[in-house]
Every structure is written in structure tokens, then in C-alpha cells.
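Hi,

Here is the structure for your files. My notes on the cavities and the interface follow below.

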Amino acid sequence: MLNTTPDARRLLAGPSLDGPEPLAHHLARLGPLPTARDAQRTMSELDASGLLGRGGAGFPVGRKWRAMAERSRGHAVVLANGAEGEPASLKDRVLMAARPHLVIDGAVLAADAVGANDIVFYVGREHEAAVAALGVAIEQRRPGVRQRIRMIEAPIGYVAGEASGAVHFVNAGDPRPTTTPPRMSERGVNGRPTLVQNVESLAHAALIARFGAGWYREAGRGTARGTALITLSGTGRPAELLEIELGTTIGEVAAGAGASPAGTSAVLLGGYFGTWAPAADVWSLPLDPAAMREKGLTFGCGMVGLLPAHACGVDATARIMSFMARESAGQCGPCVFGLRALADATRRVADGRSKPDDMDGIARWTQIVAGRGACHHPDGAVALMASALRVFEEDMDHHVRSGRCLAMSTPTGLPAANTASASAPTNRRMEVA
Amino acid sequence: MEARLKVDWIKCDGYGLCGDFVPDIIGLDEWRYPILPEGPLDGGRMHEIQRAMDCCPMRALTLVRPDVAAARPGRLRRLLPGAR
């Protein structure tokens, strides 16, 4: 087991995750939230904690808040991003549904620290339990807090959670990303400087502000510090949400769910924006953003998707590419046409009916699509494709030459590539030091 | 003063006239969307490049100069006439 000593104060500690923790329980368990007067100390603790954003980009949270505090002149807006359009991830929806007050605490702290009166909760409308729990929790707060907060249900869609897409929807009811600059930190909600922060990052901040950077850093393996939520899938069981100590290895997490290195051919890390890696290469790799970046991998949204040895990686990639093509906002030509062409060609290869120039096309589009869109949706999609070309090179070749798969093609165990597929997760809690 | 080209990908509709005008500078993909050169532009050909930009029915191409890009965007916008 990954456990050392239990701590009642980590993200998933406390009562069952099946329903929202009531305000009274939350306060009894964690104590009061530091006030606006402590904002400077809160930011110092965040800096010292080394907390990185958990929305995918991994930017240092303390530094982000400081930069906003310097430019906001008290007019900023905090946008708590709980859109979680990533079908391979469960963490944000479960966290909001089970620990709504912790997430609200983080948003209030952020608003006090950066000089924001208004807080917008931007929550994926398909995450019904999260929307309901936050709605109730906001009403339980004292008037001075609840009047600062409004909740907006994000439309279903992968790019609706992108920062500029989120702001565009809040401002104009249109979730398509916009051309940057201006950045959201310059001109976002209602034209005001906007801090867009993922809800898991906010929840961590709410704990670090209470218990300090030293407490946060007590957890962690090796040089990695702190904890993180991850979603583990492809184990033969429904996708699971875990809180791990950063630095825990992929193999430990997988073995905890009954997977073995022999039974796993590859691992998808970081979500559909992420990277495939051969299982043998990463089994002992720590789940730690720094260590992963060194290997050209991404922690991203904390997804660990195992590809069972009997499943076809080419087929899994074709499904993901098809999802990514469908989820294009439809604004930028290279994304619209490039991802569609990539998805179609990859599907033909997976099905053993490739055209003679399909592999050349895949190689070329993977090269030329990146960087040619208003947002980073196409960049993420082709990065995943590039990793598939490396990891499944032999298998793709086999598909093209013989029309057949090296592995027996069976369902991959990765979530079905549609956004409404959030089937009931089994939530497994893990206590950490 | 090294200038670079920038495409507003939301505006660009793939007419491809820019690439037709200076094919050795601006490439086109199979859907006629531009592929921009990696490095800085050849200062001796700025006249042609300006005409390629002017060809664009969507006004999607702009020149970015490092000294301008380095200026603070907020201040710059306030200085530009007609800017919001």
C-alpha cells in the first residue's frame, strides 16, 4: 500500500466521497479559513509549498496569484475552473461534488489574495452532482461570501474548459476559445484581469493556507513534494480516483489496482492532451511533474491510462484522435481539417484498410498542425499522435502491411471517447503522510 | 529590426492567396491554410510580404516586430487611435 500514516487533512480525507461534506463537518475537521488580512502570508506559503496548477499546464500557483495581485488594483475576477471536459479524468467532478466547501475556500482565498471581488464557478453542466453540491454549499456561506460568488454551468465540450473559452462563455455565452493576446490575466471576465484556476489547485491552496507549506511538503516521495489527485483507468475495473503522494511510481499505482507490467503494454499519461509511453519504460517512473517533464512526458490532469497487453494501441489512438477531431471548436482550419484527416487515417490503419499514403499523411499532419490554432487544442492532439507514432511504430507498421493487429484487438478499457461518458466511478481513498 | 508574420487562425478561412503570392516564403497545406516560415523574415522582401498580407480577404495576417511585441500590450492599446 502507499499509505504511511493517515492525515485527516488531505483532499480526499474525511467522510465518504459519495455526498458533499456539510459546512459544519468541514469546519470542525479543518478549522477556520485564514482571512483576507493573511493574504500575504497565504501567498508566501503557496510559494514555499511549490504547488503547481493542476488544470494541465502546471504553472506555479503562488507566482500566478502574485502576478495577478500586482496588476489587479482590486478589480480582478477569479474564475474557478471546474469544466473538466477531459473524459479520461474524474478528479475535478468528484472533488467538487464531495468537498464543495474546500473548493469554495480556495476560491475565496484566491480572491482575497489577488484583489478580486467576484468569483465565478465555471462547472461542467454534465457534472450534475458537482453543480448540485456547489449550489447548496454557496448558499450555506455567510452573505458577504456568497454574494461574491456566482456559478455558471459550462457547456459540454473539451475546449469549453480552455481558459479563453471559459471566459468567452461567461462573457458572451460562446465557449469557443478566442485569439490571444489579450491574455485572460490582462482582459478576461467583463474585461477585467481574470485569474483562471483549476478547482483542485484551489482546494490544495485552501489546505496550504491553513496548515502551511511545511505540512504540505511532509507528503511526497523522493524529491517530489505534496499530493495530487489522479485518475487511473484501464485496470479492468471502472476508472478510479486516487490521491497519491507525488513521486509515487506508476507501477505502484497500477499494481495497487491489480495491474502488472507483463499485462500492460503502454500507458497514456496526462490525459488526451498527453503522451503514450511504453509500460516497461515508465513502470518505475515517479508521478511527479518535474521527473516526467525530463522524460518528455506530462503530468497534465493526472490521468494514468493503462493499455492492457491484449488491447490495440493503434485502435485506442484512433478513438482518441477521433474524439479530439470532434471536439475541435471548429474555428481554425488546420485544427478542423488536420485533426479530421489524422483521425480518419489512423482509423483506417487501425482497421487494416489503410490507403498507401496514410502513414505519410499521418507523419506530415503531425508535423504541420502544431502551433496553428487560436488555442492549444490541435497542439495537444498532435503531441499525442506523435507519441503514438513512436510507441506503436511496430504495431502500426504491422497493421499497414498485414491489415492485422499485433495485439488482439479488444476494448481498450480507456473511457469511451465521448464527453458524457462519466460513468459512476469507484472512488478509492488513500491516506497519505 | 526583425519582423515575423502572425496569423489570426480564427479569421483565416484558407483562401491561400498569401501563399500564392509568395510561395517561397509562405507555404500552404492541402487545405490552403498558410504555413509560416520559422525564422525572421527577409528584410529585403518586406514589400512583397506586405502585398501578400494585403491580398488576404480576411485580414488575418499581421506583422509582429519584437520591439512592439515587447511593449506592454495594455499601454500600447491605449496609445493606438481607435483601440478599445
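**Cavities and interface**

The second largest cavity has a lining of eight nonpolar, five polar and no charged residues (nonpolar: Ala, Val, Leu, Ile, Met, Phe, Trp, Tyr, Cys and Pro; charged: Asp, Glu, Lys and Arg; polar: the others, Gly among them). This is a predicted model: local features need pLDDT of at least 70, side-chain atom pairs count only at pLDDT 80 or more, and totals for chains, interfaces and linings use all residues. Residues are numbered from 1 along each chain as its sequence is written, chains are lettered from A and ligands numbered from 1 in the order written, and side-chain values use heavy atoms, without hydrogens and water.

That second largest cavity holds about 90 Å³ (volume: the space filled by probe spheres set on the grid points, which are joined across faces, edges and corners). A cavity here is a set of points on a 1 Å grid over the protein atoms alone where a 1.4 Å probe fits but cannot get out; lining residues have an atom within 4 Å of a point. Its 13 lining residues include Cys332(A), Cys335(A) and Cys375(A), which are among those nearest its centre.

The largest cavity holds about 110 Å³. Its lining has twelve nonpolar, two polar and two charged residues.

Now the interface. Chain B gives 13 residues to the contact and chain A gives 22 (heavy atoms within 4.5 Å). Two salt bridges link the chains (side-chain nitrogen of Lys or Arg within 4 Å of a carboxyl oxygen of Asp or Glu). One joins Glu30(B) and Arg364(A) at 2.4 Å, N to O.

Best wishes

Methods:
On a 1 Å grid over the protein atoms alone, a cavity is a set of points where a 1.4 Å probe fits but cannot get out, and a pocket is an open set with protein on both sides within 12 Å along at least five of seven lines; lining residues have an atom within 4 Å of a point.
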